[in-house]
Amino acid sequence: MTNLIQEKDRLAIKRSLTSSHIDQLVALFQTEWWTKGRTRADTEKALQMGGPMFAFVDPEGDDLVAFARTTTDGVYKAMIFDIIVKATWRGTGLGALLMETVLNDPALVDVKHRELYCLEDMVPFYEKWGFTAHLPGLFFMRKSA
Ligand SMILES: CC(C)(COP(=O)(O)OP(=O)(O)OC[C@H]1O[C@@H](n2cnc3c(N)ncnc32)[C@H](O)[C@@H]1OP(=O)(O)O)[C@@H](O)C(=O)NCCC(=O)NCCS
């Protein structure tokens, strides 16, 4: 772990993914409850149709070790999705680096509302970056296909 904290500096930020990175992302998705079962074809389509995406890649082994994607209109709203750090890299500060990278991206930094949804136990994590779950009167609504 100590090594990985230091080795974070060697990671490269990628704004598009190679075919191998997409394979690795799909594999990473299988490890989390809300992304489990995602297919390569659907993942590729979501990446093509979506807004800015962020991947951290370890040049040693060309390993995709963290990922987040967004959609935005560039002015009023940005949604942040699929924030994931590979299990072996968790607790090294990489999640924080990922959040700071996303939030400071020129396409997102001045957007009026940057939003995400998460389970209750993740609220303290996102509060570190100024997100609030205190939105009285607002409801999260969904219509499934
Ligand atoms: C959540 C996740 C991205 C955090 O990444 P990470 O690399 O472990 O986080 P970091 O090491 O950068 O931690 C940054 C800070 O957040 C805190 N933190 C990390 N995970 C946390 C959690 N689940 N809840 C609350 N705080 C958390 C750390 O203690 C650290 O705090 P500090 O700065 O006060 O020391 C990672 O655990 C992950 O990928 N989890 C599985 C996927 C997931 O649940 N994603 C979120 C979906 S909404």
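## Before you start

Two strands count as paired when DSSP finds at least two bridges between them. The strands themselves, like the helices, are DSSP runs (E, at least two residues, for strands; H or I, at least four, for helices), numbered from the N terminus.

The model you see is predicted, with local features needing pLDDT of at least 70 and side-chain atom pairs counting only at pLDDT 80 or more, while totals for chains, interfaces and linings use all residues. Residues are numbered from 1 along each chain as its sequence is written, and side-chain values use heavy atoms, leaving out hydrogens and water.

Strand S2 (residues 53-58) pairs with strand S3 (residues 63-72) in the antiparallel sense over 6 bridges. Here Ala55 has Phe67 in S3 as its bridge partner. The two strands form a hairpin with 4 residues between them, and Gly61 in the turn has a positive phi of about 95°.

S3 also runs antiparallel to S4, joined by 6 bridges. Phe67 has Ile84 in S4 as its bridge partner, and Thr71 stands opposite Met79 in S4. This hairpin too has 4 residues between the strands, with Gly74 at a positive phi near 80°. Moving on, S4 and S5 run parallel and are joined by 3 bridges; Lys77 is partnered by His113 in S5.

## What covers the strands

How many residues of S3 are buried? The count is 7 of the 10, so S3 is largely enclosed by the rest of the structure. Buried means under 20% relative accessible area, exposed over 50%, and partly exposed in between (1.4 Å probe, protein chains only). S4 is likewise largely enclosed, because 7 of its 9 residues are buried.

## A look at Leu119

Leu119 sits in the loop between strand S5 (113-115) and helix H5 (123-127). Is this residue buried or partly exposed? Leu119 counts as partly exposed because its relative accessibility is 45%.
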